[in-house]
Amino acid sequence: MARKTVRKTDRWKTKKWYQIVAPEIFGRAAIGETFADAPEKLIGRTFSVTVGDMVKDYSKQNTKLHFKITEVSGDTAGTSFTGHQMTNDYIGSLIKRQTSRIDANLEVYTKDGYRMRIKPTCFTTHRAKTSQIEAVRKSVEELIYDRARKLDFEKLIEEVVNGKLSAKVYRSIKTIYPMRRVEILKTEITGTPVGK
C-alpha cells in the first residue's frame with residue numbers, strides 16, 4: 001500500500017514582520033521589528049532599546065528602556081512602557097575607591113495613580129560617615145516621594161529619562177554631603193490605575 005506523503009507547511013513562510021513602536025510618551029518612535037505567524041502571539045512580548053538607539057544620540061547608550069507589546073494594528077505593534085535601567089557597565093564606571101555609594105529602593109504613587117518602584121543611587125566625592133549617608137538617603141526619599149505625588153506618570157517618566165529628576169536630587173543633597181553623581185538606576189511599573 002502506497003504511503004501518503006504529508007507536506008509540512010514551511011512555518012517561516014507564514015510569519016510576517018511587524019514594526020514595534022514606542023507609546024505616545026516617546027512619540028510613537030519605531031523601536032524595532034519582530035515577526036510572528038499570528039498578531040495575537042505578539043501580545044505580551046517584551047522589548048528593550050537604549051535611549052541612544054531610539055533618539056539616534058549615541059552618547060545616551062547607558063539607559064535601557066523596557067516595553068511590552070499591548071496591541072497590534074495591521075503590521076504595527078503598539079507597546080506600553082514597563083520601566084528603565086542604567087547599564088551595569090556604566091554604573092560600574094561610577095564606583096571609585098574611598099567614596100560612598102548610597103542606594104534607595106522606593107515604591108511611589110504618581111498623581112494619576114500609577115504605582116512605581118524607583119531606585120536612585122548617589123555617589124559621593126569622598127567616603128561619608130554613617131550619619132551623613134542616612135541624612136542623604138532620607139532627603140533623597142522625601143524628594144522622590146514628593147515629586148511622584150505632584151507629577152502624573154508621563155511627566156515623572158520624562159523627568160527620569162531626561163535626567164531632570166536626578167539633577168533635582170543632586171541639587172537637594174549636595175549641601176548635606178559633596179556629591180559626584182546621582183542617577184536613577186532603575187524604574188519599574190508595578191501597578192496601573194483601574195481602566196488603564
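Me: Hi! Let's start with T82. Which strand is T82 in?
Reply: Hi there! T82 sits in strand β5, which covers residues 76–86. Keep in mind that this is a predicted model.

Me: What does T82 touch, leaving aside its neighbours within four places in sequence?
Reply: T82 is in contact with H66, F67 and K68, and also with T187, E188 and I189.

Me: How far is T82 from G191, going by the C-alpha atoms?
Reply: Their C-alpha atoms are separated by 10.0 Å, while along the chain the two residues are 109 residues apart.

Me: So how does β5 run relative to β9, and how many bridges join them?
Reply: They run antiparallel, with 3 bridges joining β5 to β9, a strand made of residues 179–191. For an example to find in the structure, look at G83, which stands opposite E188 in β9.

Me: Which other strand pairs with β9?
Reply: Strand β8, residues 115–124, pairs with β9 in the antiparallel sense, over 10 bridges. Here you can look for K119, whose bridge partner in β9 is K186.

Me: While we're on β9, what about E183? Is E183 buried or exposed?
Reply: E183 lies in strand β9 and counts as buried, because its relative accessibility is 8% and the cut-off for buried is under 20%.

Me: Which side chains make polar contacts with E183?
Reply: One is Y90, whose side chain is joined to that of E183 by a polar contact of 2.6 Å. Another is R181, where the polar contact between the side chains is 3.0 Å.

Me: And what does E183 touch, not counting residues up to four places away in sequence?
Reply: E183 touches M86, Y90, L94, K119, P120, T121 and S166.

Me: New topic: aromatic rings. How many aromatic pairs are there in the whole structure?
Reply: A search finds 5 aromatic pairs. One of them is F26 with F67, an edge-to-face pair with 5.6 Å centre to centre and 85° between the planes.

Me: Where in the chain are F26 and F67?
Reply: They come from distant parts of the chain, 41 residues apart. F26 is in the loop between β1 and β2, and F67 is in strand β4, residues 63–73. F26 counts as buried at 15% relative accessibility, and F67 counts as buried at 1%.

Me: What kind of pair do F26 and F81 form?
Reply: That pair is tilted, with 5.4 Å centre to centre and 55° between the planes. This pair also links distant parts of the chain, since F81 is in strand β5 and the two residues are 55 residues apart. F81 is buried, with a relative accessible area of 8%.

Me: Which residues form one aromatic cluster, then?
Reply: F26, F67 and F81 form one aromatic cluster.

Me: What about the largest nonpolar core? How many residues does it have?
Reply: The largest nonpolar core has 43 residues, and those that touch the most other members are F26, M54, F67, F81, M116, I144 and I173. Helix α4, residues 130–150, gives the largest share of this core, 6 residues. There is also a second, separate core of 6 residues, and M86, I91, F123 and L185 are among them.

Me: What is M54 in contact with, leaving aside its neighbours within four places in sequence?
Reply: M54 is in contact with A22, F26, A29, I31, V49, L65 and F67.

Me: Now a helix. Which residues of α6 are buried?
Reply: In helix α6, residues 164–173, the buried ones are L165, S166, V169 and I173. They lie on the same side of α6, because they cover an arc of only 95° around the axis.

Me: What covers them?
Reply: The cover over the buried residues of α6 includes β8, α4, α5 and β9.

Me: Last one: where is S100?
Reply: S100 is in the loop between α3 and β6. S100 is buried, with a relative accessible area of 8%. The side chain of S100 reaches the backbone nitrogen of A128 at 2.9 Å. Not counting residues up to four places away in sequence, S100 touches C122, F123, T124, H126, R127, A128 and I133.

Key. Residues numbered from 1 in each chain as written. Predicted model: local features only at pLDDT ≥ 70, side-chain atom pairs only at ≥ 80, totals over all residues. Heavy atoms only, no water. Core = buried A, V, L, I, M, F, W, Y, C linked by side-chain atoms within 4.5 Å. Buried < 20%, exposed > 50% of the residue type's maximum accessible area, 1.4 Å probe, protein only. Helix = DSSP H or I, 4+ residues; strand = E, 2+ residues; numbered from the N terminus. Contact = heavy atoms within 4.5 Å. Pairing = 2+ DSSP bridges. Polar contact = N/O pair within 3.5 Å; in protein donor to acceptor, adjacent residues only side chain to side chain. Phe/Tyr/Trp six-rings, centres within 6.5 Å; stacked < 30°, edge-to-face > 60°. Arc of directions from axis to C-beta.
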